[in-house]
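I opened my notebook beside the model today and jotted down what I looked up. Here are the entries, in the order I made them.

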Amino acid sequence: FNHFINIIIFNHSDRREIEHDIKKAKRAMLKKQEKWFKELNQCTSIIEQKGDLFQLVGDPTDQADSLPPDVYKAIIKIKKLFEKGNGENFIISYFVWLTNEIAGEIIGSQELRDKFLTSPQAFTRDRQLTLQDMFILLLTMAGDNLNNEVYEYFKLKPTQATPQAFVERRNLIKPECLEYLFYRVTKACYIICKCMPATDIFSEFASIFAGDGSDINLAHNPSDTETYIDGGKGGKGWNQDHLNAFFEIRLSLFANALIQAKKKTHETGAAVDMIHSMEYEEPALFLGDRGYACLNLLETIIRKKNLDCLIRAKEGWIKEVAALPMEELDQWMTINVITTQTNEDKERVKNGEAKYLSGKSVYGKDKVSQCWDYESEVDVRFRVVRLKLDSGYETLITTLDEEKYPLETIKKMYFLRW
């Protein structure tokens, strides 16, 4: 109470002195943080160039003999900086700083400007909305209207930008620019988190990502037939895209994403495309909900080096799984997939010896009915685990080894994810 009374009775010059001291302390702190951010950036660059960290499983600081000295020093430095900077808040501030640095790199390079901006002169003149502002605005926007979002961003700044200015500046940025930003930032996050690995049941896996999808509302546009949904009799329709995303559950960041028009939504197809676009230099695990139970996706994961999966499936997903007894079980299953329809093939399908899936066109044309990307006559081998829960039975399909991951371990994994 006395402290507040003293502040109240301070004269005007005293208040100005206090404000000056506060601003000075803030500047000193920001300067110190920027120094830490530069050191952190330097460490992640060393690790990324060497690549050795991605070959290890477990705590890298316990494996000093397996790492080059400069990589080991960088890992130790990252841990110390993380402790100094107060953990999660420090990392968030680092990513804001890194985003600004990337924006500066793009503006400072003619090659990057040509690649990521619609005009070579874009963002080179002094304007209210810089490329840094655009990046932060786009990344932090919520669900409010554009006018309020822009106002919220600029309300603590001396001048205000208009929504029209935002739209004009947004049109100067190519989609590839945001994709570049996405991969640069997530890569840095992955390296930092890899230096402080988890000790849970998933610790053997360097990367654990869950697949999921969500509809995104767009501006009303009936002429866009691929995204427009008819509202029925007398109802106003709407437009939507579908976001397919891989979310790294341990690092809390998006690992990959693919956007489809609502009427062309194909979640398992998108998952296959995203898996093909990623390389797995060390063990990784894909977790999927019931919509991802698909033989084509399973075969893609089986063929991908260092990748395993754990996917929920409906009890009657395919007739071979539906035929299993409704009890707790753990067994391997092999499905012979064919894409031809000779009389002999039809007889085999009828007798349950094979399963027909529509494959690629022999003429190289696009087939709407295609649901198999590989050659005919493939044995897809996977494990079916049925768990008994308080709410009933849950069926999972997986490629995980049964000796390393017995039924009880799979059950623990289930509760960690679902």
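**Aromatic rings**

I began with the rings and counted 12 aromatic pairs, taking Phe, Tyr and Trp (its six-membered ring) as paired if the centres lie within 6.5 Å, with planes under 30 degrees apart called stacked, over 60 edge-to-face and the rest tilted. A note on the source: this is a predicted model, where local features need pLDDT of at least 70 and side-chain atom pairs count only at pLDDT 80 or more, while totals for chains, interfaces and linings use all residues. Residues are numbered from 1 along each chain as its sequence is written, and side-chain values use heavy atoms, with hydrogens and water left out.

I picked out the pair of Phe286 and Tyr292, which is edge-to-face at 5.7 Å centre to centre and 75 degrees between the planes. Phe286 counts as buried because its relative accessibility is 0%, and Tyr292 is buried at 3% (buried means under 20% relative accessible area, exposed over 50%, partly exposed in between, with a 1.4 Å probe and protein chains only).

**Cores**

Next I looked up the largest nonpolar core, which has 46 residues (a set of buried Ala, Val, Leu, Ile, Met, Phe, Trp, Tyr and Cys joined through side-chain atoms within 4.5 Å). α4 gives the largest share, 9 residues (helices are DSSP runs of H or I, at least four residues, and strands of E, at least two, numbered from the N terminus). Tyr94 is one of the residues with the most contacts inside this core. Beyond four places in sequence, Tyr94 touches Phe37, Leu40, Asn41, Thr44, Ala188 and Ile192 (contact means heavy atoms within 4.5 Å). Apart from this core lies another, of 38 residues, Phe286 among them.

Ala188 and Ile192 are among the buried residues of α9.

**Strand β10**

Last, I turned to β10 (residues 392–398), where 5 of 7 residues are buried. It runs antiparallel to β6 (residues 307–313), with 4 bridges, and antiparallel to β9 (residues 378–389), with 7 bridges; pairing takes at least two DSSP bridges. Which residues did I find across from Thr395? Ala313 is a bridge partner of Thr395, and Arg386 stands opposite Thr395 too. β9 and β10 form a hairpin with 2 residues between them.
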